[in-house]
Amino acid sequence: MTATTADSRALALAHYAARGVLEHVLARHGVTFQQQVALRAAATAEGPQTPDGLVALVRGLLKADPDGVRATLDDLLAQRLLVADGAHLRPTAAGRDLLAAVGAETAPVSARIWGGIPAEDLAAAGRVLALVTARADAELAALTA
């Protein structure tokens, strides 16, 4: 493999390659990438999320249109992967089981993808990606202000 300099294209290609693997697994379970992100956000949030809070959380993660995120939450509710619990949304047992099944199926693939990369390389990549994310978030905020 030829060494390449990290740039937007390299980042995008890595993202879409990894996402393609995940979407292949998700398709077998009848859910989309955005549905999985929303369900995982609900399951891993610090506390119970209102619908508006969950929309804001997923929008921040995916930079997605709020109406599209609301439609995704409606789909998860219709599939009984999320349930309204008073003013909050929470994953159902089926939703948690789905996340566990997807995690179990993707774990060996992730191990093959990430395995053997030196820890110092992963740490450097993590620092660079965090910086790129922060800068891109700031640029997006300026564009949408």
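Trainee: In what order do the elements of the protein chain run from the N terminus on?
Mentor: From the N terminus on, the order is α-α-α-α-β-β-α-α. Helices are DSSP runs of H or I with at least four residues, strands are runs of E with at least two, and both are numbered from the N terminus. This is a predicted model, in which local features need pLDDT of at least 70 and side-chain atom pairs count only at pLDDT 80 or more, while totals for chains, interfaces and linings use all residues. Residues are numbered from 1 along each chain as its sequence is written, and side-chain values use heavy atoms, with hydrogens and water left out.

Trainee: How many helices and strands are there in the chain?
Mentor: The protein chain has 6 helices and 2 strands. Its C-alpha trace spans about 50 × 40 × 25 Å along the principal axes.

Trainee: And what share of the residues is buried?
Mentor: Buried residues account for 21% of the 145 residues. Buried means under 20% relative accessible area, exposed means over 50%, and partly exposed lies in between (1.4 Å probe, protein chains only).

Trainee: Take Gln36, then. Is Gln36 buried or exposed?
Mentor: Gln36 counts as buried, because its relative accessibility is 8%. This residue lies in helix 2, residues 33-44.

Trainee: Which residues is Gln36 in contact with, leaving aside neighbours within four places in sequence?
Mentor: Gln36 is in contact with Leu22, Leu26 and Leu99. Contact means heavy atoms within 4.5 Å.

Trainee: What share of the contacts with a separation of 6 or more comes from residues 24 or more positions apart?
Mentor: Such residues account for 55% of those contacts in the protein chain.

Trainee: Changing topic: how many salt bridges does the structure hold?
Mentor: The structure holds 6 salt bridges, each a side-chain nitrogen of Lys or Arg within 4 Å of a carboxyl oxygen of Asp or Glu. One of them joins the side chains of Lys63 and Asp137, at 3.0 Å from N to O.

Trainee: Where do Lys63 and Asp137 lie?
Mentor: Lys63 lies in the loop between helix 3 and helix 4 and Asp137 in helix 6, so the pair ties together parts that are 74 residues apart in sequence. Lys63 is partly exposed at 42% relative accessibility, and Asp137 is partly exposed at 32%.

Trainee: What about Arg70 and Asp52?
Mentor: Their side chains also meet in a salt bridge, at 3.8 Å from N to O. That pair links distant parts of the chain, with Arg70 in helix 4 (residues 66-78) and Asp52 in helix 3 (residues 51-62), 18 residues apart. Arg70 is partly exposed at 37%, whereas Asp52 counts as exposed at 53%.

Trainee: Now the surface. Which residues make the nonpolar patch?
Mentor: Leu11, Val128, Leu129 and Val132 make a nonpolar surface patch of about 300 Å². Patches are made of residues with over 30% relative accessible area and no salt bridge; like charges are joined within 9 Å, and nonpolar side chains (Val, Leu, Ile, Met, Phe, Trp, Tyr) within 5 Å. Accessible areas come from the Shrake-Rupley method with a 1.4 Å probe, and for residues only the protein chains shown count as cover.

Trainee: Which helix gives the most to the nonpolar patch?
Mentor: Helix 6, residues 119-144, gives the most, with 3 residues. Val132 lies in helix 6 and is partly exposed, with a relative accessible area of 38%.
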